[in-house]
Amino acid sequence: MVRRILPRPTGQPVRRRSRFRLILASAAASAALVAGSVIPAGPLLPAPQQAQAADDGGKKVLNVAVNQSIDSLSPFLAQTLTATSVLRLTNEYLTNYDAKDGHTVPGFATAWKPSADKLTWTFTIRGDSKWSDGVQATAEDAAWTFNKMMTDPNAATANGSFTANFKKVTAPDPATLVIELKKPQATMTALDVPIVPKHIWEKVGDFSTFNNDKTFPVVGNGPFIITDFKVDQYIKLKPNKSFWRGAPKFDELDFTYYKDQDAAVAALQKGEVSFVPNLTPAQAAALKNAGNIKVNDAPGRRFYALATNPGARAKNGEKMGDGNPALLDPAVRKALFESVDVDTIIDKVFQGHAEKGEGYIPPRFPSYFWKPAAGQRIAYDPAKAAQTLDQAGYKKNSGGTRLGKDGKPLNFRILCHANDPNDKAVSKYLQEWWSKLGIGLKVDCLDSVSDPWLAGEYDLAFDGWSVNPDPDYVLSIHTCAALPATPKVSGATDNFICDKQFDELYAKQTAEYDPAKRADLVKQMESRLYDTGYMNVMAYPNAVEAYRTDQIKSITTMPEAAGNIWGQDGYWSWWSAVPADDTAADSGSSSSSTGVVIGIGVVVVVLAAAGVFVAMRRRSTAEDRE
């Protein structure tokens, strides 16, 4: 599930919304499970001329530039894409998604079987998985993880929707996990919950504040191990030599933070980083013919949307924030969206590197992709937008200013990510289009939108999530159950939406095992979400990214056909990466030959406030939520 950074109230842990998966190649990689495509790196320059991956004492370091902070390293709190992607590398889930086409494949569990009534699921836990401190990983660790989420609301902050329907979880023996359900649950083979070591986490006191970022190395059982972390500076990981699928090829994996995306692109050109995601069209064009650099442009799994404050409130009914009450009127929301020229946004902002927005689920997932019917669609029609407002009682004064029903000028605020060029560019268009309606728009571009967003202190906001092959999570964040319990705590909600009809459909799709029937229910949910007018999906951005071919020989894309490297539903890309100078891979002794190899060992996420590269501009954190 890909999420954007969740806004959070001051004093609360930052939450994550977008998750990407990274994986390093290992000798034990199974072609049957990982059949992603290989992106050829092309010919290499002679060694003296090659830009080398960051080297520390002779180690092969894979350096990935990121432009999003890590909200938490606790699997129970993390919600930003970067944080959840790191956790994908360090902690196994029960199941994984195949790199070729996204179907379910074994993870921590090797097999699973439901009872006849689908209310009891038995998972067989693999016997060849160990925690990085040498302790055997067993079904008891999985049972403890799920039970903690079921009994401690703070431990359910990030992924509680997956366990809300669990009745009982037990581990009758080290190789057997039994989950009893209250009612059928269609997501049982897509539980995106990192399993944690019981012997480590049972010592934690307050799960609402423990971010798992003070003691290193962090114990895990995935392909990488976190060795160090500095907030907004770096996170370092090294290969887990005992990982059951095989250890990654690189000696170190670094995620380096660049607040300025142009600086990240400049670093790529100079060979200081190996990979840069989220390129702007101008940056992609400038890098297309650069030496030893390959640009990958593939359909993405994210949507890019406008969200309106629906009257933020908590489960206890208390109102939150200061959203403009005019946006509670469906006519106002409709008029605003009727004044958004999506074609211009696709052509001028994304310059063709995106598909026109329709429903909530991107077309990359055809089973769930939905389009509004002709009579349902809110089309670009400025004249009709003005008429909509006039008929609803929002008249212009003699000066051309649109007035609210309280007689005051109709002005709105929109939350914008300061490091996202797309947000800034679209904001300018919105100001122009809405000014013709007589409506003012103040653009609040912030380094972190978390605080005002989680507090409900906004009118509109740029929103976006990465969607998993199973869409349950990104649907759950719009249910009433996702609202915060009180205004003083944070919840899993994306935009404070709470709609009875949507909730009823959500409950039905969760319990529907028939794929076709479930897909139809999901599409009904998308239709309902569209009709409420709280979300307007404008685009499905491509995954536009670049890497150095003189540092990365091959790396796995997901899916196999026209797939992305960054933000995958698994750990395939970084786990499979092969260094450009890896001779073992050429001889056929490498763990995996699928994908592009950069060279991995210790994984380090480094945040560096570097200089500005003015020749190009890349989109910052538009995928802060998963």
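Over the face of which residue does Lys118 lie? Select Lys118 and Tyr513: Lys118 lies over the face of Tyr513, 5.3 Å from the ring centre (a charge sits over a ring if NZ of Lys or CZ of Arg is within 6 Å of the ring centre and within 35 degrees of the ring normal). The model is predicted, so local features need pLDDT of at least 70 and side-chain atom pairs count only at pLDDT 80 or more, while totals for chains, interfaces and linings use all residues. Residues are numbered from 1 along each chain as its sequence is written, and side-chain values use heavy atoms, without hydrogens and water.

Next, select Tyr234 and Lys236; the charged end of Lys236 sits over the Tyr234 ring, 4.8 Å from its centre.

Select Trp121 and Phe123, a stacked pair at 6.4 Å centre to centre with 25° between the planes. Both residues are buried (under 20% relative accessible area, with exposed over 50% and partly exposed in between; 1.4 Å probe, protein chains only).

Move to Trp370 and Tyr530, an edge-to-face pair with 5.6 Å between centres and 65° between planes. Trp370 lies in the loop between strand S14 (354–356) and helix H9 (382–391), and Tyr530 in helix H14 (residues 515–532), so the pair ties together parts 160 residues apart in sequence (helices, H or I of at least four residues, and strands, E of at least two, are DSSP runs numbered from the N terminus).

Finally, select Phe76, Trp144, Trp201, Phe207 and Phe210, which form one aromatic cluster.

Note on methods:
Rings of Phe, Tyr and Trp (its six-membered ring) pair if their centres lie within 6.5 Å; planes under 30 degrees apart count as stacked, over 60 as edge-to-face and the rest as tilted.
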